[in-house]
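Open the structure in a viewer and keep the sequence beside it. The stops below are given in the order in which to select them.

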Amino acid sequence: MQQVVCKLTELQPGELKEIQFGRISLVIGRTGAGELFAFSNRCIHQGAPLSKGKLCGTSAPTDLPGQYSYVKEGEVLRCPWHGREFDVTAGGQMMSDPRRALGRFQIFVAGEDVVVSTLNKPEKGEVADEQK
Amino acid sequence: MEVKQGQITDGLLETGIIDTDIHERVLYPDLVPYLDNPWRRYITDCGWIQEKHLPYTQPTVAGLNRADAALPDGRPAGSDLAFLRSQLLDELNIRYGILTGALDPSPSSMNGWHEMATALASAYNDYQIEHWLEKDSRLYGSVHIAAQDPLAAAREIDRVGPHPKMVQVLLPIDNIVWGDPYYHPIFAAAERNNLVIAMHHNEPAVYFGRFPRYFIEWHTLISTAHMMQVTSFVFNGVFEKFPNLKLLMIEAGFTYVPHLMRKMDQQYRDLRHEVPWIKRLPSEIVREHIRFTTQPMEEFSKAEFEQWLDLLGSEEMVCFSSDYPHWDFDHPVGGFPNMRDSLRQKIFHDNALALYPKLPQDQGRCPRCSRSFASSPNCNQES
């Protein structure tokens, strides 16, 4: 399945957008540097709509307690409910547990259009209730 | 029934869900019409607002609240009934929702000026009844009091407690442990008005009367503040003195409870003589008199969840709560493991129904035709 979801001009760097891809709600966006990403719009924790979250940065891991270094501005998708962080430049990995990731879709530019596709099988993120 | 994350809640329970922790948000200007002078003038002229204590923000997308619960016009989450109906009551098939306020203002948390606290509690109650409880049949309320003055608090309970939609008296958890006999007039008033006592933390100083360095520490340790209150109620003999009283502990989850019950039992076996008014194991008192809300849920597998209930020794002690619209909201499907139908029915509905005697005790069935409200929409006009 492949679908034009918007014009590239309608999705500026740093923006998030909710789109309907067939019957699935997706969150698409562009990092601060302009890189496109597309994920399932459901947080793998409790199902919150990620498009209502925030594309932001985060504090870099450090070996020094008390040291803060704000990094990855525009590359971290923060859930609107519990605040979990997902690295959109690393396949939607959950930053507190990289073994878990958002459901991921292909996204690319064709001419002026932004296209989402499952032509290559989407990488399915771990779902929170797999072990339930 | 297998219920997966993402499934809508319509089919979750035929009875619908009882949510024991919904934070309606009142703004100070909302209370002004319900205050007499001089209290009104201290707000309108002097700009008084209640002091808060936490040194941190709630480090989430939108602070205290879910980012998607803010109103489109910019008003705070939880301040509009129509929006709350749509996003919570209708969407999640909530049959009854218990309002617990925003804890700001929280009259019982004021460190002084108890006369203002008493006036504020009365105003809050009148506002809550008019703007929330009498506007939606699904919503039930909490009596707010200024518990620092127990006799004035008891008078307020007697004033608004008989309202048919008031189901509990709310006490904050901050820097007072409420089991002390000084506060027992409050429990006498609750008992004679058929009301539950409910406790919800506000901003307790959980580090030896102070605050830990980081919010993540404070939020992790909230259950310790709840443990103090449960211990205080049990060993001060509140339930021996008021045998019909029930207590609901809101928003510390339930996983701390097996440890606390076992610890109190062990202490009782050794030290009973210090509290001779306690005549049975503390765990028996807790199982009979105290209920605990689910939120904030840790992540459980189905097996882990069942193990924890085994440790409680009861499936009747835990009641679903969402904490809407706060950031650590729990979704009734996404936040829970799959579970047996009978257990789901208890946690999401029956346990809370049994706790609150003032809720309609009809098991979700129309008293006229005996059909479930869910399967018979024409009967879905309760109260």
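**Stop 1: a proline in a loop**

Select Pro38 of chain B, which lies in the loop between α1 (28-31) and α2 (39-44) of that chain. Before going further, note that this is a predicted model.

Pro38(B) and Ala119(B) are 9.9 Å apart in space, although 81 residues separate them in sequence.

**Stop 2: chain B as a whole**

How does the radius of gyration of chain B agree with that of a compact globule? For 383 residues, a compact globule would have a value near 21 Å; chain B has 20 Å, which agrees.

Two further figures describe the inside of the chain. Buried residues account for 45% of the 383 residues in chain B. Of the contacts in chain B between residues at least 6 apart in sequence, 79% join residues at least 24 apart.

**Stop 3: two helices in chain B**

Stay in chain B and select helix α10 (residues 257-271) together with helix α11 (residues 282-289). These two helices pack with their axes 7 Å apart, at an angle of about 140°. Angles over 145 degrees would count as roughly antiparallel, so α10(B) and α11(B) are oblique to each other.

Show the side chains where they meet. From α10(B) come Met261(B), Met264(B), Asp265(B) and Tyr268(B); from α11(B) come Pro282(B), Ser283(B) and Val286(B). By class, this contact has five nonpolar residues, one polar and one charged.

**Stop 4: a sheet in chain A**

Move to chain A and select strands β5 to β9. These five strands form an open sheet in the order β5-β6-β7-β8-β9, with antiparallel pairing. Which strands are at the edges? They are β5 (54-59) and β9 (97-101) of chain A, each of which pairs on one side only.

Finish inside the sheet with β6 (residues 70-78) and β7 (residues 85-87) of chain A, which pair in the antiparallel sense over three bridges. To see a bridge, select Val76(A); its bridge partner in β7(A) is Asp87(A).

Technical notes
Residues numbered from 1 in each chain as written. Chains lettered and ligands numbered in written order. Predicted model: local features only at pLDDT ≥ 70, side-chain atom pairs only at ≥ 80, totals over all residues. Pairing = 2+ DSSP bridges. Helix = DSSP H or I, 4+ residues; strand = E, 2+ residues; numbered from the N terminus. Rg over C-alpha atoms; globule rule 2.2 N^0.38 Å. Buried ≥ 20, exposed ≤ 12 C-beta atoms within 10 Å, placed from the backbone. Contact = placed C-beta atoms within 7 Å. Axes fitted to C-alpha atoms, helices over the stretch in contact; angles between N-to-C directions. Parallel < 35°, antiparallel > 145°, perpendicular 65-115°, else oblique. Nonpolar A, V, L, I, M, F, W, Y, C, P; charged D, E, K, R; others polar.
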